[in-house]
Amino acid sequence: MADEHGRKWDRCLADTAVKTVTGLGVGIMFSVLFFKRRTWPVSLGSGLGLGMGYANCQHDFRSPYLIHGRVVKDQ
Amino acid sequence: MLRACLRGANATARNNFGKTRLTNLQHCRHYTAGETSGGGAAKVVAAGLVTVGGGIGGTILYAKWDNKFRAAVENNVPYSDWLLGLALGPPSPKSGLPIKKQEYKDCHEHQDTSVTAAVHPDTESPTATEPLKERPVEEVAAILAQQDQEEQDIATCSLEESLTSSAKATLQAIGAQEAALQAITRHTLKLKEAMEAEVPPQEKSAQWKDLEAALADRTGAVNDAETALSKANEALDSLKSVIDKSKGLKVSAVRPLVLAAEENLHNMVVDLDKVVTKVHSAESEAKIVSQYSELVNEAKQQFQREVSSLTPEIQANWKGLTGKLSSDDLNALIAHAHRRIDQLNRELAEQRVREQIHIDAALEQQKLEDQKALEKAVSTALQHIKEEARLEQERKLSELREVMEAEMRTQLRRQAAAHTDHVRDVLKVQEQELRVDAEQVLSSKMLEQETRYRQLSQEQLDNFTLDMNTAYARLKGMEEAIDSHVVAEEEARKAHQLWLSVEALNYTLKTANADIPTVPLEGAAQAVRDSCHDSDFALALSSALPEESLHRGVYSEASLRARFNSLRSLARRVALIDESHNSLYQYFLSYLQAALLFEEKQEAPPAQLCSEDLDPFKLLSYASYCLEHGDLELAAKLVNQLRGEARRVVEDWLTEARLTLETRQVVSLLSAYANAVGLGTTQAP
């Protein structure tokens, strides 16, 4: 169980890093291709990537506590 | 990095050391350039060697000279005996005093062989008498006979020796005396001739020379005779002493020899005396003749003197000188002659007158001398006769003694024969009596023995039946005891089996190494189940073992402890996370808290937990403390109080701990039960 925490962190960080770099790359590409080398797509892309990674991480860490429930209407 | 530092340090050290070594060598070279120190060392070594060699050499020499010193050195210094043996050969035995004594003995023996011959008889008899008490009679008789034989031999030898020596000496003395006699008679004859014969002057001097020679002969012969006589006397005395000694011995066989020796002695003494008397008579005659010659010489000399006083020029022989004499001289001479004649006539008259008186006086003197000679002769004859009589007596005595002894022997023989007959008769009678007595005693004893034997055999039979009965009863008792023992042993064996299996189960719990669980307990549990068929309690317990432990095994407390230590940090980090707080920001906060908050590593848990104690940090420190002190149960309980993510994180650990605790509880219960059963089956002495 303790290892899982560590594993989670590994996954999380790797995932975040990948996403960030990918976003960065896409942003650079967009910046270069479509937006006349402005910085805002790069930062947008890296931000997007980082955010996605963060969210994934949080979800991963939260997963034990998530309850998938269905609302049952009273009839 | 440490190794690099060390290497650097070594390098620097080596460099420094190397530099100093070079300088040292240079310094040494300076010193070795000078000769003093090297030469000094060599001198010291040489002096030491010389001293040691000198000491050893001196010790060896002195040990050679003095054996005591050698022995002392060998005792005190190890391996010195080997060295001294090499140098000097084996040590000579202690030969100081005993050898001297031996030499003394030899000397004494050589010197005293002649004396011991006489002393032997005296010394042997006391030595024979002392051990008389110890030796048996036959031996004593044999020894005495031997002694007598020896004494006899010695006595005979000594007697013979002394006899021969004394005979020789006596003969010698007699011969010498006869020779002296001859010489004396010759001398007297010559003297007489010289006195009376009227021979021409040339022959006179020859005569005088003869006379002197004869005188010398005589004196020589007389001296020889005297010495021979003294020797003979000595020999005779020794013979006498030997005879006396042999008389002193109590051996009868020597007596005839002694008698013969005595007779011989007596004869010799007699002969010697005769010859001595002859010599004495010859000497007295010679004395008379010499006196006469002296008187004549004196008268001649007197006359010579008178003549010379009257006529000094006239020579000795005046007969041929008658022509040369003057008338005065002649007249004086004649006057003197007349006067002398007158004087002589007067003297003659006087002599005639006194003749008788002189004759009487001479007769008296002669009588006296005759008397003395007679007395002497009588005494010697008396002695001889006494001696002969004594010898005769002794002879008679010895003969008589022999006769008496023979008679006594025959009488004794007769007595002995009579005694033996009597003894034989008495012995026969005694034998009869003793035989009758002995037979009586024998028969009574036999009867006694018979009755005793019968009694004993009866007793034996009774005892035997008794013993058989007791043995049978004991055998029965033993069989029962053995059966009960067998039953008890069976019980004990079963209990032992159970205990062993429980011990095996207990042991399997110990097979856990760090991080590796124990072997599956299935086998041991099965063994336990097999060994407790009849005990429901044990069966229930053995089936209460958790499945996981059976199939997989349990972790040891040490591994759990180690795991907990690593878990603790993780639990601390996620202390703020629970169902409601589980975003990453919360995670960040939780991490921050863990970094900044410091709690006790171990804290003793209180007896009762209050709400403040439910703080995860506190709980963790309590649990750490419990684990460190070996209380896994309390630690598990405390860890159970954790909530949220911390709880999730330590869930695994908790289950493992629960498993271990359960297994341990069951096993301890089983072992307690097995011990109890085992104690129950043990038989108290």
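This is a predicted model: local features need pLDDT of at least 70, side-chain atom pairs count only at pLDDT 80 or more; totals for chains, interfaces and linings use all residues.

Let me begin with polar contacts. Between chain B and chain A there are five residue pairs in polar contact, counting those with both residues at pLDDT 80 or more. Salt bridges are absent here: the count between chain B and chain A is zero.

Which elements of chain B give two or more residues to the side that touches chain A? They are α14, residues 557-573, α15, residues 584-596, and α18, residues 645-649. Of these, α15(B) gives the most, with four residues.

As to composition, the side of chain B that touches chain A consists of eight nonpolar, five charged and three polar residues.

Next, the extent of the contact. Chain A contributes 13 residues and chain B contributes 16 residues. The size of an interface is often given as the accessible area lost when the parts come together. Here the two chains bury about 1,400 Å² between them, and 61% of that lies on carbon and sulfur atoms. Within chain B, the residues that lose the most area to chain A are N582(B), L584(B) and R648(B), together 46% of what that side buries.

Finally, the annotated segment in chain A. An unreviewed UniProt entry places a "transmembrane region" at residues 16-35 of chain A. In the model, that stretch is 90% helix and 0% strand, and its end C-alpha atoms are 25 Å apart.

Notes
Residues are numbered from 1 along each chain as its sequence is written. Chains are lettered from A and ligands numbered from 1 in the order in which they are written. Side-chain values use heavy atoms; hydrogens and water are left out. Contact means heavy atoms within 4.5 Å. Buried area is the accessible area (1.4 Å probe) that two parts lose on being put together, summed over both. A salt bridge is a side-chain nitrogen of Lys or Arg within 4 Å of a carboxyl oxygen of Asp or Glu. A polar contact is a pair of N or O atoms within 3.5 Å; within protein, one must be able to donate a hydrogen and the other to accept it, and residues adjacent in sequence count only if both atoms are side-chain atoms. Ala, Val, Leu, Ile, Met, Phe, Trp, Tyr, Cys and Pro count as nonpolar, Asp, Glu, Lys and Arg as charged, and the others, Gly among them, as polar. UniProt positions are given in the numbering used here, feature names are shortened, and annotations may be inferred rather than shown by experiment.
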